Number of protein chains: 2
Amino acid sequence: VTARGVDDRKTVGEALAWIDASVRELAPETVDLAGAVGRVLANDVAAAIDVPPFDRAAIDGIALRADETIGAGPYNPLSFRLASSAEALPTAAAVRVSAGDPLPRAADAVASLDRVQIDDAAGTCEVVDALAPGSGIERTGDHAARGAALLTRARRLHPGDIGALAAAGIARVPVVRRPAACVVQIGTGFAERGAPLRPGLVYETNGLLLEALIERDGGSVVGALRVDRDRMALRDALSRVGGDIVFVVGGTGRGPRDTAAEALAAAGELALHGVALRPCETAGMGQTAAGTPVFLLPGAPPACFWAYEFFGGRALRRMAGRDPAPPYPRRELASARKIVSEIGVAEVCPVRRLADGRVEPIPGFAESGIAAMARADGFVVVPEGSEGFAQGAMLTAYLFGGNSRE
Amino acid sequence: VTARGVDDRKTVGEALAWIDASVRELAPETVDLAGAVGRVLANDVAAAIDVPPFDRAAIDGIALRADETIGAGPYNPLSFRLASSAEALPTAAAVRVSAGDPLPRAADAVASLDRVQIDDAAGTCEVVDALAPGSGIERTGDHAARGAALLTRARRLHPGDIGALAAAGIARVPVVRRPAACVVQIGTGFAERGAPLRPGLVYETNGLLLEALIERDGGSVVGALRVDRDRMALRDALSRVGGDIVFVVGGTGRGPRDTAAEALAAAGELALHGVALRPCETAGMGQTAAGTPVFLLPGAPPACFWAYEFFGGRALRRMAGRDPAPPYPRRELASARKIVSEIGVAEVCPVRRLADGRVEPIPGFAESGIAAMARADGFVVVPEGSEGFAQGAMLTAYLFGGNSRE
C-alpha cells in the first residue's frame, strides 16, 4: 500500500472467490424449538414419534365399524345406537367424535356429520353411506412415521416448520451456530446518538448500521471497539479480537491516516485491498494470525453498507449457513431511464420504483450519501464490463421491500 | 351454531372485508434507533441536523483554493506547499485530507490523489487540473438539510434506513406499536415438548406455531392460557383477556364439544363463523364485549396455520402497520401438473418447486397434516370460483423461502 494506495484492485469476482474459498459454515449447536425460527438446520431431522401418535378421527362425525354400514344408502338408512363412551365401541353402536379425538377401540371409520341424521332424544343416528374401512380417520404414523425424514439440512426454519417439528415430538433442533462478530471502528470523531453534536463530529452511524445488518444475517455482535487512527493500535486490536469474523470500519482509503490495510498486513494477512465496485473501491479482506477472517469496510456509510452487503456480509452469511447473496428479493424490471456506468468498474446503483413498476436510478447517488439511500426502493448492479443500461432495458433489481403497504 | 354447525359460511372476500373494516393500525410509540429494524414508521421523519454537519472532503486528496489552480494543466503543473495544519489554509498551500475530514478554512476544493504528484521530501505537491470551486467536497447539508424529509410514514425500516437516520441525528423514532396478542388454547390433551407422550395425547403445536407467526408479523404474545372444552370457561376467559387481539385455538368445528363460537357469541360478538377456504372452513371471527378482535382458529395445526395466515394474521399485520397480505414473496410460475379443486370453496394448495422452476401440488395434503407442510416450498390459492389449474398454467405461488442455499 503506497501513498497512491489502492492501485492493485481486484474484480468483484476475484473478491467473491477469495471469500468462498476462505469461509466455511460454522459447526452446529442445539437449540430449543421456541428460538429456532429463522435458524438454518445443520442436519436432517426425522420425526421422533409417529404422527399422529394414535388412530384418530380426521373429521367431526360419528365413529363406527365400516362393515356395519354395508348396504346403507339413501333409500336404506341404517340406524346405530349412540354410545356415550369413547373407550370401546359396542356392536351396532356409534360414538360422536371431534376431529383429533382418539378413535374408539373397534371403530374403523368416521361418518361426516353432513351425512348422518342424529336423533338425540332417541339416542340414535341414521347412516346413508356404506363406508370403506379407514374413511374419515387417520392411522398412527399416517402423516409421518417415527424416524421418517421430516426436514433436510440447510433449510431455514419458517414458522410452519416449527409447527411440524413440534407435532413430530422434536424439542430441540441442530442448527448452524450464529456467527459471533467483532466490529472495530477506526477514528474518534463520533458523537453518540442523542448527545449534542460538537463541531467537527458526525453522529456514529456505521456501528449501528453493521449491528442491524449482522443481526439480520443471523449473526450477533459480541465485541465493539474503537481505536485511534494509528497503525499500531489497530494491529494490536486485531491480535486481541475474538469471535468468528471481524469488521474493521474506516481507514481503508488513500488518505494520510488510512492505515487499516497496513495494520491487517502486520497482524495477519492482507489478502486483497481494493475492489472494482463503486462506491466501495477501498474495501479489503484478509485474516488475523489466528485465521479469523477480517473485512476492511470504508468509513463513508454508503460505502460501508455496500462493502458489507457484497463482501463482509457474504462471508457472515456463509458462516451462518445462509444463501451468501445479498438477501433481497430479485425482480426483473424495466429501466425508465438510461443508466450510465464506467467500464472497468462495477457499480451499485440505487433505484426508485415508479408507479408503473419500472425503476429509475437515484440521481447523483455517489454524491448524496446515505440519506439518499433512504429514498431508494432497491438497487441494481452494473457489471464491470458494461457501460450501463439503455432506457427500457430489463434489469435485475434487488428490492429493499421498504414500504410496508404497497 | 347447530349440531350441523358451520352451514352459514362466508366467502374469503367477506371475511377479509370484515377484518379490514374492524381493525386499524395501532397508535405510535417512540423507540430507540437500535431496536427499530423491521418496525414500521408511524410518522414522517425529517433530518435533525444538516448532513454532513460541516463542509468536508468527499475524497482522499489535497484540499486547496480552487482559484489558485486556474491555469494548471498537464504541461503547466502548479506547485503547492504542503501545510500540516488542517485548521486554516495559507495562500499557495494545500493540506492532505482523507474523505470525511473537515475542510480547512479557506479551502474550497479537493484534488484527488490520482491527479497530484506529492513530494514528501520537498513538502510540495503539483496539481495538473484547474479545479472548479466545490469539486471533491461536500458542503454542510448537501445530503440532507436539517428539517428536510428523510423517510415517510408506513416505511418498514431496513438496516440501511437505520444508518440514514443515525447519520441525520435521529436517536429515537416514532413507530407503530407492537400488537399485544393473547392466545387461548382449548383442550387439555397436550404434552409439552421434551416430556414423554402419554397415550391419547399429542405434542403441543399450535401455541409454538402461533408465537412464531405473531413475532414474525411484528406482534408479541403477552398472554397464553389453556381452558377446558367448556363454553362457560371460554366465555369467562374471553371476558378477562387483555391485549390488542385474541386468538382462540380449537373447538371451532361441529363436534360434540366444539363450543368456541357459542362462547364468543356469549362473550361479545360472533361476526362470522365458517369461511369457504379449505382447510380452514371452521375459522371464525368477532370481538369481545370490550371490542378486542377475536379470531377462532381450528385446532388441526395446518388449518390453524392457514387460518392465521389469511385471517387472524391479516388483522395483526394491519394493527402493526404492515402489508396485510400473507408475507411471502409471490412469483408467477408454471404448474407442472393439473391442480383440481372444488367449485364453491377456495383452497390453499401447498406446492413443491421442481428443479426446472415449475411447481407441483403436494399430493394428498389435506390428509397428510402439518408434516406435509415441511415438504412444501410454498403454496398457491385456488379461488372459490375455479375448478383448479390446467397443467402448464401460470399461477401465483407464494414461496416460503425455505432452503437457504438455492
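In chain B of this predicted model, helix α3 (residues 206–216) packs against helix α6 (residues 301–319) at an angle of about 30°, and their axes are 11 Å apart. An angle under 35 degrees counts as roughly parallel, and α3(B) and α6(B) are therefore roughly parallel to each other. If you look at how one passes the other, the crossing of α3(B) and α6(B) is right-handed. From α3(B), the contact draws on B:N206, B:L209, B:L210, B:L213, B:I214 and B:R216, while α6(B) brings B:P301, B:C304, B:F305, B:Y308, B:E309, B:L316 and B:R317. Sorted by class, the residues of this contact between α3(B) and α6(B) are nine nonpolar, one polar and three charged.

For a pair to count as edge-to-face, the planes would have to be over 60 degrees apart. Over all chains, the count comes to 22 aromatic pairs, with ring centres within 6.5 Å.

Now turn to the other chain. How do α3 and α6 of chain A pack? Helix α3 (residues 206–216) of chain A meets helix α6 (residues 301–319) of chain A at an angle of about 30°, with the axes 11 Å apart. That makes α3(A) roughly parallel to α6(A), and the crossing is right-handed. On the α3(A) side you will find A:N206, A:L209, A:L210, A:L213, A:I214 and A:R216; facing them on α6(A) are A:P301, A:C304, A:F305, A:Y308, A:E309, A:L316 and A:R317. The classes here are nine nonpolar, one polar and three charged residues.

How the two chains relate is the next thing to look at. Chain A can be laid on chain B with an RMSD of 0.0 Å, by a turn of 180° with a shift of 0.0 Å along the axis. The two copies are thus related as by a two-fold rotation axis. To find that axis from chain A, look for A:P329: its C-alpha is 3.9 Å from the axis, the closest approach among the residues of chain A. Of the interface residues of chain A, 99% are also interface residues in chain B, so the copies meet through the same surface.

Helix α4 (residues 231–240) and helix α5 (residues 260–267) of chain A pack at an angle of about 45°, with their axes 8 Å apart. That makes α4(A) oblique to α5(A), and the two helices cross in a right-handed sense. The α4(A) residues in contact are A:R231, A:L234, A:R235 and A:L238, and those of α5(A) are A:A260, A:E262, A:A263, A:L264, A:A266 and A:A267. This contact of α4(A) with α5(A) has seven nonpolar, no polar and three charged residues.

Finally, a few backbone details in the loops deserve a visit. In chain B, a cis peptide bond joins B:V51 to B:P52, with omega about -5°; B:P52 lies in the loop between β2 (45–46) and β3 (56–57) of chain B. Another cis peptide bond joins B:R278 to B:P279, where omega is about 10°. B:P279 belongs to the loop between β19 (277–278) and β20 (284–288) of chain B. Over in chain A, A:A106 has a positive phi of about 85° although it is not a glycine. You can find A:A106 in the loop between β6 (93–97) and β7 (109–112) of chain A.

How values were computed:
Residues are numbered from 1 along each chain as its sequence is written. Chains are lettered from A and ligands numbered from 1 in the order in which they are written. This is a predicted model: local features need pLDDT of at least 70, side-chain atom pairs count only at pLDDT 80 or more; totals for chains, interfaces and linings use all residues. Side-chain values use heavy atoms; hydrogens and water are left out. Axes are lines fitted to C-alpha atoms, for helices over the stretch in contact, and angles run from 0 to 180 degrees between N-to-C directions. Helices (H or I, at least four residues) and strands (E, at least two) are DSSP runs, numbered from the N terminus. Angles under 35 degrees count as roughly parallel, over 145 as roughly antiparallel, 65 to 115 as roughly perpendicular and the rest as oblique. A crossing is left-handed if the near helix is turned anticlockwise from the far one by less than a right angle, and right-handed if clockwise. Contact means heavy atoms within 4.5 Å. Ala, Val, Leu, Ile, Met, Phe, Trp, Tyr, Cys and Pro count as nonpolar, Asp, Glu, Lys and Arg as charged, and the others, Gly among them, as polar. Copies are superposed by least squares on the C-alpha atoms of residues with pLDDT of at least 70 in both. Rings of Phe, Tyr and Trp (its six-membered ring) pair if their centres lie within 6.5 Å; planes under 30 degrees apart count as stacked, over 60 as edge-to-face and the rest as tilted.
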